[in-house]
Amino acid sequence: MCFKGSNVQGLQTVATFDPIKDEFIIDTPNDGAIKWWIGNAAVHGKFATVFAKLILPTHDSKGVSDMGVHAFIVPIRDLKTHQTLPGIEIHDCGHKIGLNGVDNGALRFHSVRIPRDNLLNRFGDVCRDGKYTSSLPTINKRFAATLGELVGGRVSLAYSSVGVLKISVTIAVRYSLLRQQFGPSRQPEVSILDYQSHQHKLMPMLASTYAFHFATLYLVEKYSEMKKTHNEQLVGEVHALSAGLKSYVTSYTAKSLSICREACGGHGYAAVNRFGTLRNDHDIFQTFEGDNTVLLQQVAGDLLKQYKDKFQGGTLSVTWNYLRASMNTYLSQPNPVTAHWERADHLRDPKFQLDAFRYRTSRLLQSVAARLRKHSKTLGSFGAWNRCLNHLLTLAESHVESVILAKFIEAVHNCPDASSQAALKLVCDLYALDRIWKDIGTYRNVDYVAPNKAKAIHKLTEYLCFQVRNIAGELIDAFDLPPYVTRAPIAMQSEAYAQYTQYVGF
């Protein structure tokens, strides 16, 4: 797949139609248009799906017409000799931080001719006489439809990133249960996971792993439904949801890998215990299939569109229903009575937790919409967006967290086994209250949470960390990761030290 760069709609590679020979001419106009990091291009690839601007000849004064970005199948190597074809220039991108089992190459095209039939024409086609036809009326709609077919990559990355997080948390928690350091005088040493500081590092992360598991399962289900039905509204919803979850989950996992390595001390630094490989191989998840910062802006943009549609009487997608149903409630003044409630049963009530998440999102959405209107008058739309960019990214992350919590609460509710449901409820409460506490300043600034309630949230979060620690081993075992997947000696469920020392050579 060849279109590297965040501004896909502004890519410079061109595919010019030659009506005399009934061919497209693919050309890379300058060094800035070279397509980098193309998977399997450097050594093995025979064909590439190349995204390029479709240029058609016209009979007016302009001479040509730009029809927007389209996809073309371009042969790059001879099928028999494996030699690079004429006009194709390929270079290996070199040794990488990770994933060196994949050969990534850079491609440049020098007037490469391909048959007209090599245009992937689901959303737009060129007839023999050069006439363009499409069921979609504008360049923007065709562009959106074309990129919509690439959503599957983001879905798989979000889901795969959760898999990496499960492995990392499994290694760190199992080692932390095994490793003992210090303790009360004249008594056995205690597990390092008994220390509050260690619980604070790993237990909210374990809770987040469960939360991401259910959220990405939901994403996969929605994606499968989208592929079956091709429902236009569902396509838009999955596009935004996959962008948000891919960005949020991969960024979280990248940070967590370093925390897990640190939590395992010196043994975490040993290559055999895998944190280095996991971190290096996963790091690029934050970039490919869409840079995370760019993807969050897509989520923010979609939220603003939904916000506008809500006040114009439009239909909102399912994931955004809370904006339609409760925007007025969330934007009203916080209740001064409930702002002081600090009982554990109230703080552990899913309604309070989800309302808090959604209140924050709705406040951010309303305030950034007002700021954009204000700044666009003097800075223009691009300048206003840039002025509010950090606000927009915070809005997108807040919305993603609201979706994640909603799916977690739903999973707890639907759990058929009472014992498992109780454990999941404990983990879900920790996820929700830890997220609220980490952004407690936002809730305090608008008096959504009074000082006594904030203190109670902090105290309960620490208690929940302790409670989750007591079942951490069982929660990790529930991931059901076989030893050949974790492959870290310090994460073995039995005789971990024996296997590690044997590996070292004792």
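At what angle do helix H4 (residues 232-263) and helix H10 (residues 389-414) pack, and how far apart are their axes? The first close-up below takes up that question, and the others follow in turn. Please keep in mind that this is a predicted model.

**Figure 1. Helix H4 packs with helix H10.** Here is the reply to the opening question: H4 and H10 pack at an angle of about 95°, and their axes are 10 Å apart. Angles of 65 to 115 degrees count as roughly perpendicular, and H4 and H10 are therefore roughly perpendicular to each other. On the H4 side, the residues in the contact are Leu241, Gly244, Leu245 and Tyr248. They meet Glu397, Val400, Glu401, Val403 and Ile404 of H10. Sorted by class, the contact of H4 with H10 has six nonpolar residues, one polar residue and two charged residues.

**Figure 2. The second largest pocket holds about 630 Å³ of space.** Its lining is made up of 26 residues, and the closest to the pocket centre are Tyr248, Tyr252, Lys255, Glu401 and Arg435. Which elements give two or more residues to the lining? They are helix H3 (196-229), H4, helix H6 (292-311), helix H9 (350-387), H10 and helix H11 (418-438). H4 supplies the largest share, with seven residues. By class, the lining of this pocket divides into eight nonpolar, nine polar and nine charged residues.

**Figure 3. Glu289 sits in the loop between helix H5 (275-283) and H6.** Is Glu289 buried or exposed, or in between? With a relative accessibility of 35%, Glu289 counts as partly exposed. Glu289 and Gly153 are 136 residues apart in sequence, yet their C-alpha atoms are 6.2 Å apart in space. Leaving aside neighbours within four places in sequence, Glu289 is in contact with Leu150, Gly153, Arg154, Leu157, Lys246 and Leu295.

**Figure 4. The buried residues of helix H1 (residues 139-148) come into view.** They are Arg142, Phe143, Ala145, Thr146 and Gly148. What do these residues pack against? Their partners are strand S4 (47-57), strand S5 (64-75), strand S10 (132-133) and H2.

**Figure 5. Leu178 belongs to helix H2, which spans residues 151-178.** Leu178 is partly exposed, and its relative accessible area is 33%. From C-alpha to C-alpha, Leu178 and Ser191 are 6.4 Å apart in space, while 13 residues separate them in sequence.

**Figure 6. Thr28 lies in the loop between strand S2 (23-27) and strand S3 (35-39).** How much relative accessible area does Thr28 have? The value is 6%; buried means under 20%, so Thr28 is buried. Not counting residues up to four places away in sequence, Thr28 touches Ala33, Ile34, Arg108 and Phe109.

**Figure 7. The protein chain has 16 helices and ten strands.** This last panel steps back to give the close-ups some context. Along the principal axes, the C-alpha atoms of the chain fill a box of roughly 90 × 65 × 45 Å. The chain has 506 residues, and buried residues make up 48% of them. Among contacts between residues at least 6 apart in sequence, 71% join residues at least 24 apart.

Terms used. Residues numbered from 1 in each chain as written. Predicted model: local features only at pLDDT ≥ 70, side-chain atom pairs only at ≥ 80, totals over all residues. Heavy atoms only, no water. Axes fitted to C-alpha atoms, helices over the stretch in contact; angles between N-to-C directions. Helix = DSSP H or I, 4+ residues; strand = E, 2+ residues; numbered from the N terminus. Parallel < 35°, antiparallel > 145°, perpendicular 65-115°, else oblique. Contact = heavy atoms within 4.5 Å. Nonpolar A, V, L, I, M, F, W, Y, C, P; charged D, E, K, R; others polar. 1 Å grid on protein atoms, 1.4 Å probe; cavity = no way out; pocket = protein on both sides within 12 Å on 5 of 7 lines; lining within 4 Å. Points joined across faces, edges and corners; volume = space filled by probe spheres on them. Buried < 20%, exposed > 50% of the residue type's maximum accessible area, 1.4 Å probe, protein only.
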